[in-house]
Amino acid sequence: MTRLLVADDSETVLLMLQRRLEMEGYEVVTAKDGFEALEQLRELGPSEPDVILLDAMMPRMSGIEVLEEIRGKGSEVPIVMISAHLDAQEPERMRSLGATDIIPKPFEWDDLIGKIEELANPNGG
């Protein structure tokens with residue numbers, strides 16, 4: 001089963017994502033901010049998620065800071081940044097820090113699910 005780590009500071013968005021992704025057959029681990037996301041990653045240990053979905057802007061520790069931390073440790077797990085407030089430089093900066101992809105909010109479910117499938121099963125498996 002494909003395991004996802006989803007971090008978003010909006011409880012409503014987080015719950016919606018969790019429910020919808022679980023209905024699609026994914027195992028979903030959630031975090032309310034960047035610190036919780038890193039804590040969840042530590043707890044998962046070697047069985048890290050197949051794909052991470054990070055809200056770019058969160059209190060205490062942003063998704064961008066989490067992205068930097070994960071990449072700094074050498075992890076190559078696919079990371080999709082989700083953001084409602086993208087200025088022209090933001091996607092380029094996120095990619096330069098190691099984001100696999102960026103999806104703007106609001107997003108289409110089919111686009112999100114398609115991206116997760118593509119990243120979780122890169123060989124069509």
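This is a predicted model: local features need pLDDT of at least 70, side-chain atom pairs count only at pLDDT 80 or more; totals for chains, interfaces and linings use all residues.
1. The buried residues of H1, by contrast, are Leu14, Leu17 and Leu21. Seen down the axis of H1, these buried residues fall within an arc of 65 degrees, so they line one face of the helix. An α-helix has 3.6 residues a turn, so residues three or four places apart point the same way.

2. The length of H1 agrees with expectation, because its 13 residues should span 18 Å at 1.5 Å a residue, and its end C-alpha atoms are 18 Å apart. Just after H1, Gly25 takes a positive phi of about 100 degrees, a detail of the backbone that can be looked up in the structure above.

3. On confidence, the mean pLDDT of the chain is 93, and 98% of its residues reach 70 or more. Among the parts of the chain, confidence is highest in strand S1 (residues 3–7), at a mean of 98, and lowest in helix H4 (residues 90–96), at 91.

4. The sheet is an open one, formed by five strands in the order S2-S1-S3-S4-S5, with parallel pairing. Its edge strands are S2 (27–31) and S5 (101–104), each of which pairs on one side only. On average, and with direction ignored, neighbouring strands of this sheet are turned by 20 degrees against each other. Helix H2 (residues 34–44) packs on the sheet, where it touches S1, S2 and S3, and the direction of H2 makes about 135 degrees with that of S2.

5. Helix H5 (residues 109–120) lies across S1, S3, S4 and S5, and runs at about 140 degrees to S3. The 12 residues of H5 should span 16 Å at 1.5 Å a residue, which agrees with the 16 Å between its end C-alpha atoms. Buried in H5 are Trp109, Leu112, Ile113, Lys115, Ile116, Leu119 and Ala120. These residues cover an arc of only 160 degrees around the axis, which puts them on the same side of H5.

6. The buried residues of H5 pack against S1, helix H1 (11–23), S3, S4 and S5. On the face of H5 turned away from its buried side sit the exposed residues Asp110 and Asp111. A lysine, Lys115, is listed among the buried residues of H5, and a reader checking the model may wish to look at that position.

7. Asp55 deserves a separate point: Asp55 lies in strand S3 (residues 51–55), and with a relative accessible area of 5% it counts as buried, because the cut-off for that word is under 20%. S3 is joined by four bridges to strand S4 (residues 79–83), and the two run parallel; within S4, Ile82 stands opposite Asp55.

8. Which residues does Asp55 contact, leaving aside its neighbours within four places in sequence? They are Ala7, Asp8, Asp9, Gly63, Ile82 and Lys105. Of these contacts, Ala7 is 48 residues from Asp55 in sequence, yet their C-alpha atoms are 6.0 Å apart in space.

Conventions. Residues are numbered from 1 along each chain as its sequence is written. Side-chain values use heavy atoms; hydrogens and water are left out. Buried means under 20% relative accessible area, exposed over 50%, partly exposed in between (1.4 Å probe, protein chains only). Contact means heavy atoms within 4.5 Å. pLDDT is the predictor's confidence in each residue, from 0 to 100. Two strands pair if DSSP finds at least two bridges between them. Axes are lines fitted to C-alpha atoms, for helices over the stretch in contact, and angles run from 0 to 180 degrees between N-to-C directions. The expected span of a helix is 1.5 Å times one less than its number of residues. The arc is that of the directions from the helix axis to the C-beta atoms.
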